[in-house]
Amino acid sequence: MAGGGISVQGGGRNYEGGVTVFVVFACVAAATGGLLFGYDIGISGGVTSMESFLSKFFPSVYHKMKNETADQNQYCKFDSQLLTLFTSSLYIAALVASFFASSVTRRFGRKISMLVAGLVFFIGSILNGIAINIIILIISRLLLGVGVGFANQSVPVYLAEMAPTKIRGALNMGFQMAITIGILVAGLVNFGTAKIKGGYGWRISLALAAIPSLIMTVSAIFLPDTPNSMVERGHPEKARKMLQKIRGTDNVNDEFQDLVDATEAAHKVENQWGNIMQPRYRPQLIICVLIPFFQQLTGINVIMFYAPVLFKTLGFGDEASLMSAVITGGVNVVCTVVSMVVVDKFGRKVLFLEGGLQMVLCQIAVGVMIALQFGLSGQGTFTKAEANWVLVFICGYVAAFAWSWGPLGWLVPSEICPLEIRSAGQAINVSVNMFFTFLIGQGFLTMLCHLKFGLFFFFAGWVTVMTIFVSFFLPETKNVPIEEMNRVWKAHWFWGKYIPDEAVIGHDKHDKAVV
């Protein structure tokens, strides 16, 4: 606004400045960290459906899959704890790494964590591609997990701090966009490498993960750190200059002062882990735990990890299974773009609620179709028309997730925490996400074997619960400056009692002085 005045809207203040090419470039470059996570999610399911990979590392699963003569329970076709460990071991490593990444991110800056993520993921990718036994395969997966842990800890925070308030949702969702692109590219790679004669296609699929890690590493080298991080580490003048550059104006006094105030409050905190347990941070703590918990219980990673395996279980052929995974990956990308376009216009809650309702309906539809065709015995097949309808409903489910719980599961936790607990809050978000990703990834094929078609009703039930929770307990955060979030919590019917008056009173006085 002209003259440096400040208006109060939507529970927060509007700062001077606009959207600059520099900040968009920086956020797009940083968001490439999502390629690591996405490529790995997409590549795992395709590789674990390739016969050459299964015969080398998981021969028992391979022989069970090739047993075409017996009356086979399709639900239990791929049930193997060792096979699921290949996929899920990465997420235990990511869980542990996220806590180390929290300290690195706070002490050395966001870009250093992103650099570590790229380098470690690169090493893991090469080892994965040249693995000669299950031990090397799992070790390389653990290294990939360290890279994912560092990237998922630092990138969402970087994006939330760099982005202007009015498009913070869209730019932060660049991380989820990169994840979906990684998933789609992985599906296409698997579709191509599965056709390679000689049985080494899986090695190419796994080793090509080095490409997104190189993109991440190079991006991290050239990216600036955030003004928030610069102030936090004792470089206020550098922070002011960077803030002026990314906002495209010299008049950044109000936003800069909020950063300084937040940093002073943060420096009074000796132990951010103890601090986040205080009652005044109870809303942020609970949201940072429940949002990633709920995100995984949507069941999305069941689709993304094991899409080719799931489609083969339901009677799709080898090529059809991989192509169906590509189709769902494409839907994922397109609908994430939709979310980026509308999130700062319609807000977070509308997308959460609509997405939740659509996911429930699609999951119930898939569960009913599987129940009618396979029953409890697990013996049966889909006709081509029925298989196409299953694919349609799964795409509807993926679409709903892609414009709701997918990007918002990363956006909301990254934007709600004050600076003094931001690294800890994001570490909790990542670790809870990775822990339940591990549990779902490790347990899915066994759950499918025992719960059968009921597995889809299980996830539909959880989506119902989380949609009700969001409706009552998640405040709207669109157009609220990141350092002004306490106002939103204070105004909430339930969380307001946890927020002390002094957490917002300072900003109220400042507004009256300048408006």
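**Ground rules.** I'm working on a predicted model, where local features need pLDDT of at least 70, side-chain atom pairs count only at pLDDT 80 or more, and totals for chains, interfaces and linings use all residues. Numbering starts from 1 along each chain as its sequence is written, and side-chain values use heavy atoms, with hydrogens and water left out.

**His492.** I found His492 in the loop between helix 24 (486-491) and helix 25 (502-514); helices here are DSSP runs of H or I, at least four residues, numbered from the N terminus. His492 is buried at 11% relative accessible area (buried is under 20%, with a 1.4 Å probe and protein chains only). A polar atom of the His492 side chain sits 3.0 Å from the backbone nitrogen of Phe494. Skipping neighbours within four places in sequence, I get contacts from His492 to Phe472, Phe473, Leu474 and Pro475 (contact: heavy atoms within 4.5 Å).

**Helices 19 and 23.** The axes of helix 19 (residues 348-374) and helix 23 (residues 454-473) come within 9 Å and cross at roughly 165°; axes are lines fitted to C-alpha atoms over the stretch in contact, with angles from 0 to 180 degrees between N-to-C directions. That makes the pair roughly antiparallel (over 145 degrees). Residues making the contact include Gly356 and Gly367 of helix 19 and Ala460 of helix 23.

**Phe53.** Again leaving out residues up to four places away in sequence, I see Phe53 touching Val47, Thr48, Phe58, Phe86, Leu137, Trp202 and Leu206.

Conventions: Helices (H or I, at least four residues) and strands (E, at least two) are DSSP runs, numbered from the N terminus. Buried means under 20% relative accessible area, exposed over 50%, partly exposed in between (1.4 Å probe, protein chains only). A polar contact is a pair of N or O atoms within 3.5 Å; within protein, one must be able to donate a hydrogen and the other to accept it, and residues adjacent in sequence count only if both atoms are side-chain atoms. Angles under 35 degrees count as roughly parallel, over 145 as roughly antiparallel, 65 to 115 as roughly perpendicular and the rest as oblique.
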